[in-house]
Amino acid sequence: MRTGRLAFTLALAAASSLCSPAMARDVVIHAGKLIDGVSRQPRERVSIIIKDDRITGVEPGFVDKPGADVVDLSGKTVLPGLIDTHVHLLLELGKGSQVVNAVTKNAFDHVLDGTVNARKTLMAGFTSVRDVGGYTPAIVALKKAVASGEIVGPRMWVAGSIISPTGGHADASTGFDEALSKPEWTEGIADGPEEAIKSVRRHHRQGTDLIKIVPSGGVASVGDDPQAQLMTDEEIKAVVDTAHTLHMKVAAHAHGTVAIEHAAKLGVDSIEHGSFADADGDKIMKANGTWLVPTLTAGASVVDYAKTHPELLAPSVAAKALAVGPIMQANLARAYKAGVKIAFGTDAGVFAHGTNAREFELLVGAGMTPMDAILAATSSAAALIGDEADIGSIQAGRYADIIAVDGDPLQDIATLRRMSFVMKGGEVVKAQPSPAPTR
Ligand SMILES: [Zn+2]
């Protein structure tokens, strides 16, 4: 039994990260201010009681428990670990030429990059992510390595290779000489309901958690039109029915209004981007209980690239970025007012991993209240993932995934860019002030 008050120091973080997760531990966190991810009302001066990797209770006042270590966050605002429901840990656009990277980096390079990106994401306070597109064997391997504790990173729910029509957003061979090909470029291609069904079943066999489809064209891909619906309704329905039978959710990348409306009516669980949604699209999403994952940071980032480094982008991407990026924030403002359910997702990988919290500023800039933006990244994101019992709030029974910042994010949402404390599953992985990311 250990008793004592551990200082809030780097030493604690270093010691904890070396501790075996199997070691039984009682910890009490003294939180100066608590935003628990469920209540809209923050609480002052509370204690979070933790046993091993789970929260066992939240009590008023700063209490001590016999035998428990105390983590003093009495000067900070404490929140649940954040959740980003749209990342690509294996990718990073803007790091060198898109075309050169496509033909010089292989799946091994990407998975090694992924280990670094996973660490950056966790250190930024994101203790859970949904990875919505990356070569299936590579992303499943990364997920397993993080789950076993071999690699430092957030909890992961992964889609694997994106299911796409030939020439669609996730057909990475588009624009290249057809003689060039790699498994990861075409693994997710499925044309027709039969191939779509088989692809979903194969994903399930390979260990993915959800399915990602691309009903519309996209921005960071060659030649496909973001406004066009490129998957047929029959293909979308085949994916949704098969995935739901296997208890897998379906995330649908959709920019144009037709693809948004059709995918929502056909029962996808979330619309990713939703760039050109209009009032009718909002109504349909609301009526079907469809989540919107806005990815405003992706929109802002591709506009930045198109203006400053268009030479890094593949052909046609800069023009599409300038057309799509600027309208995303305005349309999110309308969807929010219309009452569409919003889950926090950034598309990290289109921009630098670890800067995910920029999305909060863009959401608040679009008119969301700081509390609603935080709820989108906590209990709402957990609901979209389908695991509210484990993540997304500070309540008894949940994993002890807990973060803290100096200052009050309800007054200044940008404080979430400066994560000073990160605990995942009861283990302190970060306990220091860190400089704000540059972007
Ligand atoms: Zn994406």
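User: Which residues line the largest cavity?

Analyst: Rolling a probe the size of a water molecule over the atoms shows where empty space is left. In this predicted model, the largest cavity is lined by His273, Gly274, Ser275, Leu292, Pro294, Leu296, Met328, Asn331 and Leu332; a cavity is a set of points, on a 1 Å grid over the protein atoms alone, where a 1.4 Å probe fits but cannot get out, and lining residues have an atom within 4 Å of a point. Helix H11 (residues 317–338) gives the largest share of that lining, three residues, helices being DSSP runs (H or I) of at least four residues, numbered from the N terminus.

User: What volume does the largest cavity have?

Analyst: Its volume is about 40 Å³, taken as the space filled by probe spheres set on the points, which are joined across faces, edges and corners.

User: How are two packed helices described?

Analyst: They are described by the angle between their axes and the distance between the axes. Here H8 (residues 257–265) and H9 (residues 279–288) pack at an angle of about 15°, with axes 9 Å apart, the axes being lines fitted to C-alpha atoms over the stretch in contact and angles running from 0 to 180 degrees between N-to-C directions. That makes H8 roughly parallel to H9, a term for angles under 35 degrees.

User: Which residues of H8 and H9 meet?

Analyst: Ile260, Glu261, Ala264 and Lys265 in H8 meet Asp280, Gly281, Ile284, Met285 and Asn288 in H9, where contact means heavy atoms within 4.5 Å.

How values were computed:
Residues are numbered from 1 along each chain as its sequence is written. This is a predicted model: local features need pLDDT of at least 70, side-chain atom pairs count only at pLDDT 80 or more; totals for chains, interfaces and linings use all residues. Side-chain values use heavy atoms; hydrogens and water are left out. On a 1 Å grid over the protein atoms alone, a cavity is a set of points where a 1.4 Å probe fits but cannot get out, and a pocket is an open set with protein on both sides within 12 Å along at least five of seven lines; lining residues have an atom within 4 Å of a point. Helices (H or I, at least four residues) and strands (E, at least two) are DSSP runs, numbered from the N terminus. Angles under 35 degrees count as roughly parallel, over 145 as roughly antiparallel, 65 to 115 as roughly perpendicular and the rest as oblique.
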